[in-house]
Amino acid sequence: MTVRTIKENIYSVGVTDWDRQIFDEMLPLPDGTSYNSYLITGSEKTALIDAVDSDFEEEFITNLAKSDATAIDYIIVNHAEQDHSGALGIFIELFPQAKIITSEKGKELLKSMLGIPDFRMQTVSDMEELSLGDKTLRFRITPWVHWPDTMMTYLKEDKILFSCDFFGAHYATSSLFIDDYHLHYILSKRYFAEIMMPFRKKVSEYLDMLKEYDIDIVAPSHGPLCNSPEILFDQYREWSSDDVKNRVIIPYVSMHGSTKKMVLYLTDALIRRGIEVRPYDLGRADSGAIAMDLLDAATIVIATPTVLFGPHPKAANIAFIANILKPKAKFVSIIGSYGWGGKTVTDLQAMTAKLDAEVIEPVYIKGTPAEDNFLALDSLADEILKKHKEKNIA
Ligand SMILES: Cc1cc2nc3c(=O)[nH]c(=O)nc-3n(C[C@H](O)[C@H](O)[C@H](O)COP(=O)(O)O)c2cc1C
């Protein structure tokens, strides 16, 4: 890893995790990630913004040794999650004078999760400022994007927003700044869908708050920096809004092919009606791709056979994920096949109860689909089209 200059006396000292494939034991990372850390050398004091994952503490300490910093007075912990704070233990041993600056909640979490002693920490409140001499840090307490402790740090003189996970992307790249906006858009949307989607209201609130700031550079805690912040603001505005697309996603599982026949028929029926569709075979699909589609699809149709009186576990899993991610979908339905009986439809409806979506009458059939079942799927497609039109979903 190498130390790179962002602006005079402001350096990137974090690490790139090129090969990481999964995050939080559930989120696939197609393009690795980075754990960003920033060093700011003021005329009087030096501050570090965030540390890195504990797997990379050696590289991190090596980076600090390579930098100009002879002493570090403060380490700003914008977020206590271990991918940013894991290397704090070694850091506070090596820099015994350094004070940890964090939010009240951050202090509590650093203590309970990493055993950081009280005397090493100093809490800050919203709008509080810290002077480094010729540079001033302003802290904004921004809970729930995505933990209760999150804060952002604004470097006033250089107009840099250290935005923590906000505007982040799991994207390992040798470029300090975004060089491929198309790829960044996709990875940023994936990140938003997986991490920020449940907190859309908070995202909107903080976007409004940030309007007051003159920002030249956004420096997030994952992925490349951005020197055209309006692009990120526009994307977050779109993703956090209630707007959905004339699109249906059909996550499905089928053991012996009956449910799959229904899915393929419904897919064609929706296409014929001018609706975008994406069926996802849950045996193979990338859950991050489904999350991205969950973000702005108007309708979700879960398709599953009955297994041991309820939904197939893979369908139950996606219902659970949709329930906790709280997508914007306006409508939800269920299709599938059973052999002799069970509670699949009522179970799935209970599992998706937190979705703020109207239920469209399911098509749940016995055995392999016959002519009347296909007609029922046509009626479902008609109903979806009608509902989308009623809500002016173009
Ligand atoms: C392991 C297993 C358990 C099943 N349990 C039930 C059940 O509890 N109730 C039921 O009605 N059908 C049950 N079935 C039958 C399937 O729901 C039925 O065959 C259905 O048509 C399969 O749809 P598919 O072809 O999309 O996999 C079970 C099938 C399997 C393989």
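A residue is called buried here if 20 or more other C-beta atoms lie within 10 Å of its own, exposed if 12 or fewer, and partly exposed in between, with C-beta atoms placed from the backbone. By that count, 50% of the 394 residues of the protein chain are buried.

Some ground rules. This is a predicted model: local features need pLDDT of at least 70, side-chain atom pairs count only at pLDDT 80 or more, and totals for chains, interfaces and linings use all residues. Residue numbers start from 1 along each chain, as its sequence is written.

Overall layout, then. The C-alpha atoms of the protein chain fill a box of roughly 80 × 40 × 35 Å along the principal axes. The chain holds 12 helices and 24 strands. Helices (H or I, at least four residues) and strands (E, at least two) are DSSP runs, numbered from the N terminus. For contacts, the rule is C-beta atoms, placed from the backbone, within 7 Å. Take contacts between residues at least 6 apart in sequence: 72% of them join residues at least 24 apart.

Next, domains. The bounds come from an automatic or database domain assignment. That assignment gives domain 1 as 4–240 and domain 2 as 249–387. Their centres, taken over C-alpha atoms, are 39 Å apart. Nine residues of domain 1 are in contact with 11 residues of domain 2. On the domain 1 side, β5 (27–28) and α5 (181–196) each supply at least two residues. α5 gives the most, with four. That side of domain 1 divides into six nonpolar, no polar and three charged residues. The classes are these: Ala, Val, Leu, Ile, Met, Phe, Trp, Tyr, Cys and Pro are nonpolar, Asp, Glu, Lys and Arg are charged, and the others, Gly among them, are polar.

Now a sheet. It is open, with five strands in the order β12-β13-β14-β15-β16 and mixed pairing. Pairing requires at least two DSSP bridges between two strands. β12 (129–131) and β16 (217–220) are the edge strands, each pairing on one side only. From one strand to the next, the twist averages 20 degrees. Axes here are lines fitted to C-alpha atoms, for helices over the stretch in contact, and angles run from 0 to 180 degrees between N-to-C directions. β12 runs antiparallel to β13 (residues 136–141), over three bridges. Serine 131 has threonine 136, in β13, as its bridge partner.

On to the ligand. How many residues surround it? The count is 18, and the closest are Met255, His256, Thr259, Pro305 and Gly339. Near means a C-beta atom, placed from the backbone, within 6 Å of the molecule or strand. α8 (258–272), β20 (306–307) and β22 (331–338) each supply at least two residues of this shell. By class, the shell has seven nonpolar, 11 polar and no charged residues.

β22 also carries serine 333. Why does serine 333 count as buried? Because it has 26 C-beta neighbours inside 10 Å. Beyond its neighbours within four places in sequence, serine 333 is in contact with Val301, Val359, Ile360, Pro362 and Leu380. Isoleucine 302 is 31 residues from serine 333 in sequence, yet 6.4 Å away in space, C-alpha to C-alpha.

Last item: helix α9, residues 287–296. Seven of its 10 residues are buried, so α9 is largely enclosed by the rest of the structure. Those buried residues are Gly288, Ile290, Ala291, Met292, Asp293, Leu294 and Leu295.

Notes. Two residues are in contact if their C-beta atoms, placed from the backbone, lie within 7 Å.
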